[in-house]
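Look at the sequence and the model first, then read on.

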Amino acid sequence: MGLEASYLRDLNPAQRAAVTAEDGPVLVVAGAGTGKTLTLACRVAHLVDRGVPPERILLLTFTRRAAREMLTRAERMVGNGVTGRVWGGTFHAVANRLLRAYGGPVGIRPDFTVMDQGDAADLMNLIRGELGLGRGERRFPKKDTLAAIYSRTVNAGVRLGEVLDRDFPWCRDAKDGIRDIFDRYTARKRERNVLDFDDLLLHWRALASASGVGDRVAELFEHILVDEYQDTNAVQADILVAMRRTTRNLTVVGDDAQAIYAFRSATVRNILEFPSVFPGTNVVTLERNYRSTPAILDVSNAVIALASRRHEKSLWSGREGRLRPRLVTCLDDAEQADEVCRRILAHREEGIALQGQAVLFRAAHHSDVLEVELARRNIPFVKYGGLRFLEAAHVKDALAVLRILENPRDEVSWFRVLQLLDGVGPAMAARLMRTLGVGGDPEASPIRRLLADPPAVPPSAGSDYERLRTAVADCAGGDESDRSDLVPPAVQVERVSRFLEPVVTRRYSSPASRMRDLEQMEVLAGGFVSRGRFIADLTLDPPVSTGDLAGPPLLDEDFVILSTIHSAKGCEWDVVHVIHAADGNMPSDMATGDAEQIEEERRLLYVALTRAKDALHVYFPLRYYHRKNPLSDRHSYAQISRFLPQHVQELFERHSTHVDGAPAEERVLSRSSSAGDLVEASLRSLWT
DNA sequence: AATATCCGTATTTTT
DNA sequence: TACGGATATT
């Protein structure tokens, strides 16, 4: 055995087997906290060490953040600056790059723009309106539903009828209309030179499967590595098969117990069937957990043990410590927020920085009350998941202006931009678009017409309109030919912000913080030389948070992470607080349709619990107020999550929040007015 | 008559 | 945030 790289010495035998596996297909089944990231990073380092050119390695991850992290770790191991040449990123980001470079032969123009989910929904809505659907006496699915049906249909490769029957039964009657919308939707994207997220995958598959160019693309890479394989869908699996037609060097890593993206058509079949799709697969299983204490692992194992499909591996902890996780019963959401804040501060007193702590929840709005409480106590936080930077209305407004400059045929963006003008609504916007020639003749130049021969607008819109024209003129480089790249993207964002400022002030609440977001956007744009690249990158890898209730934390400042469980995938913290562990929230009422959905919700709780290294707190509010009137005392009682039955609860240390010495259960009794169901509910919380 | 605007309500999870 | 429905404004 020759000189052994130092990074190999620190691995356990299973990890080392995965890292040093021979060429050919490798499946690494890696339980939570078993050093999966380390193993993958090591394998990249090992391949580079063995002489594989870094630019011939493709590392596919679930987020760009994950790719960056792994390549940084690999860089520390080999330390010669070459890992920067590895192709790393999400399936979507890599598709974007490959299609621009090699897509010609399959009919892709290199200057396509990328539409995100929201844009796709907007285009669906536009078409829905054109076809006059939804104006009849029967209800017709709304834009977000249409986008969801479409995405599910193409990603799962299942016929529309089946998708409707299985997942959207209430939309079955609208099938004909939906088909018409989908027809127009695909035609429209093609005309406008636009790809949505699903197209990126579909066209990559087509590109890789094509003869000729497909071979060239497949041969770009000697090795392909895929993280979070349990959360890939059928199209992504097809892409890998097509990309591995000449060499079979493919390493996939995943854990079927952590599959939480079935709603996006991901299927664990990809993992289960991998060895039969790629015969001769070397299967390595990682079962030793380095992350969590034994007590935390006991609870996590107990939760996943109840899954209907048994999982093969059982995690064991390599760590010390038997401090039990805490299960805390609270009176309500407010008291839960109060208690979480107290525990966060108590841990900080013990020396665990805020950065080492995270609060996890099922749905983005579950942290609303907590966010207010954190702000009140001046505890800084950053929220991941939920309303993102790109979903904020003012950011979409700015992006829409950039989009019409980039692609003057982008009618969705025109429609949005024109309605920003004071006194212009949908009808006036549509008329202006016709006058500018947005929808019609591909040769028409709406930008030129806007500058040279502007249509009349209502007096109220006058000053907005003039500022828009100034911004467009500045960004377009002052004449009709598109010399956009002469004006740096950051300057373009600044010009657009100037147009938007009065609009933002007039239309939105807290305009100051929104203008700060636009400044943030300007900073982001500073890293780009091309507007097109900036827009595509922003769409594929948006910044993760907005919310600045507690002020935007500076990089060197300490802050708590608030995150949806989905966004917490792959992360770990010293202390984890899981809130709203109530039935209806976990599992979500929205996901109790069939057994498979409920199983996914169970795995979601499992993912949340296994993020914790040293301490775990699970909180359960007893009562939920009805939304209608915050002043009224109308409320109902929750049950603890069905995934935490008695014998699992016994693995926790149980607590109730106390105020004036009375535990939450007793205060419910003393405060409540009507007896019967209240007594029953509060008693139930004692033994369920 | 066409639009704008206000208000209350419901909102899963993400590339 | 985005909708539906009601009312206000041009």
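S265 counts as buried because 21 C-beta neighbours lie inside 10 Å. A residue is buried if 20 or more other C-beta atoms lie within 10 Å of its own, exposed if 12 or fewer, and partly exposed in between; C-beta atoms are placed from the backbone. S265 is found in the loop between β7 (250-254) and α13 (269-272). Helices (H or I, at least four residues) and strands (E, at least two) are DSSP runs, numbered from the N terminus. The phi of S265 is positive, about 70 degrees, although S265 is not a glycine. Most residues other than glycine have a negative phi, and most peptide bonds are trans.

## The model and its numbering

This is a predicted model: local features need pLDDT of at least 70, side-chain atom pairs count only at pLDDT 80 or more, and totals for chains, interfaces and linings use all residues. Residues are numbered from 1 along each chain as its sequence is written, while chains are lettered from A and ligands numbered from 1 in the order in which they are written.

## Chain A in outline

Chain A has 29 helices and 20 strands. Of its 688 residues, 43% count as buried. Take the contacts in chain A between residues at least 6 apart in sequence: 77% of them join residues at least 24 apart. Two residues are in contact if their C-beta atoms, placed from the backbone, lie within 7 Å.

Is N378 buried or exposed? N378 is exposed, because 8 other C-beta atoms lie within 10 Å. Its phi is near 60 degrees, a positive value in a residue other than glycine. N378 sits in the loop between α17 (368-376) and β13 (381-384).

A cis peptide bond joins M586 and P587, with omega about 0 degrees. P587 lies in the loop between β15 (573-578) and α26 (595-609).

## An open parallel sheet

One open sheet has 6 strands. Their order is β3-β2-β6-β7-β1-β8, with parallel pairing. At the edges are β3 (87-89) and β8 (282-286), each pairing on one side only. Neighbouring strands of this sheet are turned by 10 degrees against each other on average, direction ignored. Here axes are lines fitted to C-alpha atoms, for helices over the stretch in contact, and angles run from 0 to 180 degrees between N-to-C directions.

Strand β1 (residues 25-30) pairs with β8 in the parallel sense over 5 bridges. Two strands pair if DSSP finds at least two bridges between them. V28 has V284 in β8 as its bridge partner.

Strand β12 (residues 357-361) is mostly covered: 5 of its 5 residues are buried. Q357, V359 and F361 point one way, and A358 and L360 the other way. In a regular strand the side chains alternate between the two faces of the sheet.

Which strands run parallel to β12? One is β15, joined to β12 by 4 bridges. Another is β14 (residues 560-564), also joined by 4 bridges. V359 has H577 in β15 as its bridge partner. L360 stands opposite S563 in β14.

## Loops around these strands

R362 lies in the loop between β12 and α17. R362 is buried, because 26 other C-beta atoms lie within 10 Å. Leaving aside neighbours within four places in sequence, R362 is in contact with I565, H580, N585, M586, S588 and L604. M586 is also joined to P587 by the cis bond. R362 and V496 are 134 residues apart along the chain, and their C-alpha atoms are separated by 36 Å.

S567 is found in the loop between β14 and β15. With 20 C-beta neighbours inside 10 Å, S567 counts as buried. S567 and E373 are 194 residues apart in sequence and 22 Å apart in space, C-alpha to C-alpha.

## Helix α10

Helix α10 (residues 197-209) has 13 residues. At 1.5 Å a residue they should span 18 Å, and the end C-alpha atoms are 19 Å apart, which agrees. The expected span is 1.5 Å times one less than the number of residues. Buried residues in α10 include F197, L200, W204 and L207.

## Beside the DNA

DNA strand C is surrounded by N125, K142, K143, E391, A392 and A393. A residue is near a molecule or strand if its C-beta atom, placed from the backbone, lies within 6 Å of it. The residues of this surface divide into 2 nonpolar, 1 polar and 3 charged. Ala, Val, Leu, Ile, Met, Phe, Trp, Tyr, Cys and Pro count as nonpolar, Asp, Glu, Lys and Arg as charged, and the others, Gly among them, as polar.
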